[in-house]
Amino acid sequence: MDIEAVQPDSDWAYTGVRPLAGALPYDFDKRDLSYIKINREKGLAELPWDMTVPLRPFFGVLCTAPPSEWGELSTVPPRQNGGNMDNKELVAGTTLYLPVFVEDALFSVGDGHGAQGDGEICVAAIEMGMRGTFKLSVRRDFKLEWPMAETPTHILTMAFDPDLDDAVVVAVRQMIDLLVRLSGISRVEAYKLLSYVGDLRVTQVVNGNKGIHLMVEKQYFRTALDASV
């Protein structure tokens, strides 16, 4: 899925804090809702405490439908089909790869964010209306178990789990597999290389299944991802 455009579609946004949520679920015992003015012309979010944040819009939810065998699910935790990933790297110009579990994939998108830091710490980003343009393509030449992405400069592997340590294991193993396949190096060489050039980042810690994404610059891949995943 090529993310061709993501554009703010409102002049206001909001952020909320609520008890038993976010990275500090027990530190704030009252709900607190902030409304934020969006200056689309200048590309700024104007915060109510006299600060501004540059807009870097993206969609928090991007997914295919999960397999029916998984049964009824909450939409809050991200999973292998994507979903509420809240990955701030998935901006316009990025290509996202998602596994397909059902006929026609049933792609969904939503949860517009004007800006967000890694972690989405308080449980909400700059939540706002958004419009997007996407190009969907079906790839039948490889099998994908977890979401993966390619920016103009990096390749990303992603994983989600209630335990961040377990998510790290999946994301690192996925990247090792990619480096072996696309760079022709051994698994132990790829493992070493990731210590030199891999950036492990916490995608979000607030959606039940926490997220990890591992970023590696594209110069370390000898074959293009879009040509041979």
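**Figure 1. Accessible surface of the predicted chain.** The accessible surface, computed by the Shrake-Rupley method with a 1.4 Å probe, amounts to about 12300 Å², and carbon and sulfur atoms contribute 50% of this area. This is a predicted model, in which local features need pLDDT of at least 70 and side-chain atom pairs count only at pLDDT 80 or more, while totals for chains, interfaces and linings use all residues. Residues are numbered from 1 along each chain as its sequence is written, and side-chain values use heavy atoms, without hydrogens and water.

**Figure 2. Overall fold and dimensions.** The chain contains two helices and 14 strands, defined as DSSP runs (H or I, at least four residues, for helices; E, at least two, for strands) and numbered from the N terminus. Its radius of gyration over C-alpha atoms is 18 Å, close to the 17 Å that the globule rule gives for 229 residues, so the chain is as compact as a globular protein of that length. That rule is 2.2 Å times the number of residues to the power 0.38.

Figure 3. In α2 (residues 187-197), Ala 190, Leu 193, Leu 194 and Val 197 are buried, that is, under 20% relative accessible area (1.4 Å probe, protein chains only). These residues lie on the same side of α2, because they cover an arc of only 105 degrees around the axis, taken from the directions from the helix axis to the C-beta atoms. On the other side, Tyr 191, Ser 195 and Tyr 196 are exposed, meaning over 50%.

**Figure 4. Packing partners of helix α2.** The buried residues of α2 pack against α1 (164-183), β13 (199-204) and β14 (210-217), where contact means heavy atoms within 4.5 Å.
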